[in-house]
Amino acid sequence: MTGDLLLGVDCGTGGCKVSAITHSGSVVASFSEEYPTSHPQPGWAEQNPADWYPALIACLRQVWASGRVSAARITALAFDGSTHNAVLLDAGLRPLRPVIMWTDQRSVAEAAWLEQNHGDEIFRIGYQRPTPTWTLSQMRWLQQHEPEVMGRISRVLFVKDYVRYLVTGEMCSDHVDAQGTLFFDMARSRWSPELCALAGIPLSALPAVVKPAQLAGRVTKQAAAETGLLAGTPVVCGSSDTAAEAYAAGAVEPGQCIVKLATAGNVNLMTDAA
């Protein structure tokens, strides 16, 4: 592609945001579209994956309507998104249930069980202690309460990866989103058989893990017709929203720090070792 702009797609907790920037980083156009989070019980937080792709389309329509950006100017696009949110797909690649979001707290008991019985092993492999935020605890809850769903899982993706799959027809994730599951082996940078067993997720269901800046596919003809993007436009994998924000803000050296105030607040200190 020979365009002069890049397109970023943020699949955030509260909505989708699409920004077109120059190769030097100047913002040319930026539009957002909200989607709902449901709370069917106290402490629960779920989203319908069917809401995400229409939000992307709505954002892109605003980008094109602005008159400042045309699809021919887009060199490539990349995705980021919130982490810890597993999209469970059946054999027909259809979502099996609403996605349990990272803000969901239903798996308190499961997280406590994991800590008591496997806490040291989990920390040794995944570099984190189990809490309800992590996908591992969420999957343990599903094993206890919705075993019929767990038995039908064919593939597992995550928010940005699922939307990118709808755009490219290709499945993968990056190592940062993979770390957010707590069934990823940090030292070996691969899915952990031991932690996947605790999660009840077969290794065969998980996507290939690539680097955030790696080419993950190209816009399909169908997605081009739906989004207004040009078929064949390169699509980069991308990463978690917090990782992308820290990098974009310039926190890349040990000792540098980022304070993020969004759906959650984070203080992220950069180090050169875990």
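# Briefing on a predicted model

Leucine 182 is buried, its relative accessible area being 1%. The model is a predicted one, and leucine 182 sits in the loop between helix H6 (175-179) and S10, where its phi is near 70 degrees, a positive value in a residue other than glycine. Most residues other than glycine have a negative phi.

- Six strands form an open sheet in the order S3-S2-S1-S5-S14-S13, with mixed pairing, and its edge strands, S3 (27-34) and S13 (215-218), each pair on one side only.
- Neighbouring strands of this sheet are turned against each other by 20 degrees on average, with direction ignored.
- Strand S1 runs antiparallel to S2, to which seven bridges join it, and a hairpin connects S1 to S2 through three residues; leucine 5 has threonine 22 in S2 as its bridge partner.
- S1 also runs parallel to S5, again with seven bridges between them, and here leucine 7 stands opposite leucine 77 in S5.
- S5 in turn pairs with strand S14 (residues 234-240) in the parallel sense over four bridges, with aspartate 80 standing opposite serine 239 in S14.
- In a regular strand the side chains alternate between the two faces of the sheet. The covered face of S1 consists of Leu5, Leu7, Val9 and Cys11, while the uncovered one consists of Leu6, Gly8 and Asp10.

**Helices across the sheet**

- Helix H5 lies across S1, S5, S13 and S14, and runs at about 170 degrees to S14.
- Helix H9 (residues 241-249) lies across S1, S5 and S14, and runs at about 95 degrees to S14.

**The nonpolar cores**

- The largest nonpolar core has 38 residues, and Val18, Leu56 and Phe79 are those with the most contacts inside it.
- At least two residues of this core come from each of strand S1 (5-11), strand S2 (15-22), helix H1 (52-65), strand S5 (74-81), strand S6 (86-89), helix H5 (159-168) and helix H8 (221-227), and the largest share, eight residues, is supplied by H1.
- Leaving aside neighbours within four places in sequence, phenylalanine 79 touches residues including Val9, Cys11, Leu56, Val163, Val167 and Val235.

**The bent helix H2**

- Helix H2 (residues 108-126) spans only 19 Å between its end C-alpha atoms, whereas a straight helix of 19 residues would span 27 Å; the helix bends by about 90 degrees at histidine 118.
- Which residues of H2 are buried? They are Glu110, Ala111, Leu114, Gly119, Ile122, Ile125 and Gly126, and these buried residues pack against helix H3 (135-145), strand S10 (184-185) and helix H7 (193-199).

**Further positive phi values**

- Just after H2, tyrosine 127 takes a positive phi of about 65 degrees.
- Histidine 84, in the loop between S5 and S6, has a positive phi of about 75 degrees although it is not a glycine.
- Is histidine 84 buried or exposed? Histidine 84 counts as buried because its relative accessible area of 13% falls under the 20% cut-off.

Definitions and conventions. Residues are numbered from 1 along each chain as its sequence is written. This is a predicted model: local features need pLDDT of at least 70, side-chain atom pairs count only at pLDDT 80 or more; totals for chains, interfaces and linings use all residues. Side-chain values use heavy atoms; hydrogens and water are left out. A nonpolar core is a set of buried Ala, Val, Leu, Ile, Met, Phe, Trp, Tyr and Cys residues joined through side-chain atoms within 4.5 Å. Buried means under 20% relative accessible area, exposed over 50%, partly exposed in between (1.4 Å probe, protein chains only). Contact means heavy atoms within 4.5 Å. The expected span of a helix is 1.5 Å times one less than its number of residues. The bend at a residue is the angle between axes fitted to the seven residues ending there and the seven starting there. Two strands pair if DSSP finds at least two bridges between them. Axes are lines fitted to C-alpha atoms, for helices over the stretch in contact, and angles run from 0 to 180 degrees between N-to-C directions.
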